[in-house]
Amino acid sequence: MNSVFVYCELEGNKVADVSLELCTKGRKLANTLGVQLEAVLVGTGLDGVEKQVMPYGVDKVHVFDAEGLFPYTSLPHTSAVVNLFKEEQPQICLLGATVIGRDLGPRVSSALHSGLTADCTQLEIGDFDMKVKNEAGEFVEKHYEQQLYQIRPAFGGSIIATIVNPEHRPQMATVRDGVMKKEILDENYKGEVIKHDVAKYIPTTDYVVKVLDRHVEAAKHNLKGAQIIVAGGYGVGSAEGFNQLFELAKELHAEVGASRAAVDAGWIDHDRQIGQTGVTVRPKVYIACGISGAIQHIAGMKDAGIIISINNDPNAPINQIADYIINGTVEEVVPKLIKYYKKNSK
Amino acid sequence: MGLKIIVLAKQVPDTRNVGPDAMTPEGTVNRAALPAVFNPEDLNALEQALRLKDANPGSTITMLTMGLPKAAEVLKEGLYRGADEGVLITDRALGGADTLATSYTLAQAIKKVGDYDIILCGRQAIDGDTAQVGPQVAEKLGLTQITYTEEIISIDKEAKKIVAKRHIDGGVETVEGPLPIVVTVNGSAAPCRTRNVKLVWKNKNAEFPAWGAADIEADPMQIGKAGSPTNVKAVKSIVFKAKENKTLTSSDADIEGLIVELMESNTIG
């Protein structure tokens, strides 16, 4: 009872990377708490699926396998999770901050009246005191132990907030793809598989949304795995300005990323956004072109090996974490980088 | 047949332009330092509503917003663009609400409106980026949802069916769902049309009913701070530890020097 649960997302019968990353994190949280790690998988044709998650240290794998559960739709998956949680009373539930996790998580939290924190960048266990209202309506200090700290940048990135929900269970959090690291604990880790009677958990009236047509393409880029990233921000100035970045990236065999400001300006696809609400990256080299460095952006790239910042504002926050600062405009510096790379790589 | 459309909209501080005075010394939001705007994706939702109204004569659009009295500005903006009416949900007792308490409050207000075929809102608001309120409102009303919607393709009031295209990770899908339903609209959907001059003249002095917690028969334990499971335990400003770094100019010599240094250390190939 009161385990740590991870809702594992599936594409067909393949478990998403973000879910395995969360199993890795969930295992550590469960160890700190001295409880079990359990995974929930809801889909179609899931024979043997437990083999994908158990090596991450999952003690119990709950499988809901039936026609109509893939592709994901909101109501059946919500019922499976909510009704399972009513029985199992988990203390923590982690989900990917993906389209599916952000569709499912809020419904589950609403049905169970539990708190949900979106897009966490860190999860920790800790004790604290907090003023709460007692039955007489007075504020009294109350001590809480072994609570989940849900840590995320907030409010335009100017602050880091730690969110807790001490009086409600489960404590729910979503985390983006790539924020946590995926690490196999033991290839032969032995857990238990529980195949649930789907009809007992999901009423037939839940199957109300039909997926008529579905296209999933492999990602157009590999930002997550890139060794070198050339990223552009508001200082790039225009969609045309990004062409220079693509040219530099091509020379360096790099990928092109962007800050939210550049994405919001419509200069580049949103799937290239790096940061808390985009992709988290860990390249060897990160070339930040005209990026001021809001904390949400930095949350997504601070683990880069070498950071080069090109900015005409010497006080840009990103310069604080840069290894090389080039004082100049993107327009001026990027063509020179291309020129001298070409010259010296011959 | 005309549709009864509800649009949920939020007035938000414009976090896209956060300055150094955005936070008070106590770590709370200094709303006075930030311009208040119509949440961008709620405008995308309004456009989908207006398109439904254009295609289905006799439809009406009711906007709901929860916030301080000033939030009525988004209702007026909605009328300028073609919405029919608006209701402000405002009450001191609603302050400090997290997404769950907010969703409960909005769901109670929607129940008071009563008759609806579709509820539209933005996927998320820029002051929190949580994307939770749409699905939570749906859950509270016992409805299903279509999130991350790019476009409503068709709607049939008699057959009680809607078909919409939505964004999914790595692609798109087309789904058919029942009515009534909650639809959250993505920022990549069609942008909202601009104000209509005639509607601006007609509505510039418009006033809106204001509903408090009692008007929507809200349970005091489910609204405001009391109804919010999440608590902010701590807030801290970010201070980066300055790294040792090299500062270069944009001169040819400096740039070539950097390239050579990176190539010699095999940092770049």
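## Helix packing in chain B

B:Thr99, B:Leu100, B:Thr102, B:Ser103, B:Tyr104, B:Leu106, B:Ala107 and B:Ile110 of α3(B) are in contact with B:Val133, B:Gln136, B:Val137, B:Lys140 and B:Leu141 of α4(B). Two residues are in contact if their C-beta atoms, placed from the backbone, lie within 7 Å. By class, this contact of α3(B) with α4(B) comprises eight nonpolar, four polar and one charged residue. Here Ala, Val, Leu, Ile, Met, Phe, Trp, Tyr, Cys and Pro count as nonpolar, Asp, Glu, Lys and Arg as charged, and the others, Gly among them, as polar. The model is a predicted one, in which local features need pLDDT of at least 70 and side-chain atom pairs count only at pLDDT 80 or more, whereas totals for chains, interfaces and linings use all residues. Residues are numbered from 1 along each chain as its sequence is written, and chains are lettered from A and ligands numbered from 1 in the order in which they are written.

The axes of α3(B) and α4(B) come within 8 Å and cross at roughly 50 degrees. Axes are lines fitted to C-alpha atoms, for helices over the stretch in contact, and angles run from 0 to 180 degrees between N-to-C directions. The two helices α3(B) and α4(B) are therefore oblique to each other; angles under 35 degrees count as roughly parallel, over 145 as roughly antiparallel, 65 to 115 as roughly perpendicular and the rest as oblique. The crossing of α3(B) over α4(B) is right-handed. A crossing is left-handed if the near helix is turned anticlockwise from the far one by less than a right angle, and right-handed if clockwise. Helices (H or I, at least four residues) and strands (E, at least two) are DSSP runs, numbered from the N terminus.

## Hairpins of chain B

β7(B) and β8(B) run antiparallel and are joined by six bridges; two strands pair if DSSP finds at least two bridges between them. B:Glu151 stands opposite B:Lys165 in β8(B). These strands, β7(B) and β8(B), form a hairpin with four residues between them, and B:Lys160 in the turn has a positive phi of about 55 degrees.

β8(B) also pairs with β9(B), antiparallel and through eight bridges. B:Ile168 has B:Gly171 of β9(B) opposite. Two residues lie between the strands of the β8(B) and β9(B) hairpin, where B:Gly170 takes a positive phi near 80 degrees.

## Interface of chains A and B

In the interface, 64 residues of chain B are in contact with 71 residues of chain A. Among the elements giving two or more residues to the side of chain B that touches chain A are α3, α4, β7, β8 and β9 of chain B. The largest share, eight residues, comes from β9(B). The side of chain B that touches chain A divides into 26 nonpolar, 24 polar and 14 charged residues.

Six strands form an open sheet with parallel pairing, in the order β15(A)-β14(A)-β16(A)-β17(A)-β18(A)-β13(B). β15 (255-258) of chain A and β13 of chain B stand at the edges with a single partner strand each, so one side of each is left without a neighbour in the sheet. Neighbouring strands are turned by 20 degrees against each other on average, direction ignored.

Within the sheet, five bridges join β14 (residues 228-232) of chain A to β16 (residues 285-289) of chain A, and these strands run parallel. The bridge partner of A:Gly232 in β16(A) is A:Cys289. α6(A) packs on the sheet, touching β14, β15 and β16 of chain A, and its direction makes about 175 degrees with that of β14(A).

## Helices and domains of chain A

Helix α6 (residues 239-252) of chain A packs against helix α9 (residues 330-345) of chain A at an angle of about 25 degrees, with the axes 10 Å apart. That angle makes α6(A) roughly parallel to α9(A). α6(A) passes α9(A) in a left-handed crossing. The contact includes A:Leu245 and A:Leu248 of α6(A) and A:Val334 and A:Ile338 of α9(A). By class, the contact of α6(A) with α9(A) has nine nonpolar, two polar and four charged residues.

Chain A is divided into domain 1 (4-119 + 164-206) and domain 2 (228-345), with bounds from an automatic or database domain assignment. The centres of domain 1 and domain 2 of chain A, taken over C-alpha atoms, are separated by 35 Å. Four residues of domain 1 of chain A are in contact with four residues of domain 2 of chain A. The side of domain 1 that touches domain 2 has one nonpolar, one polar and two charged residues.
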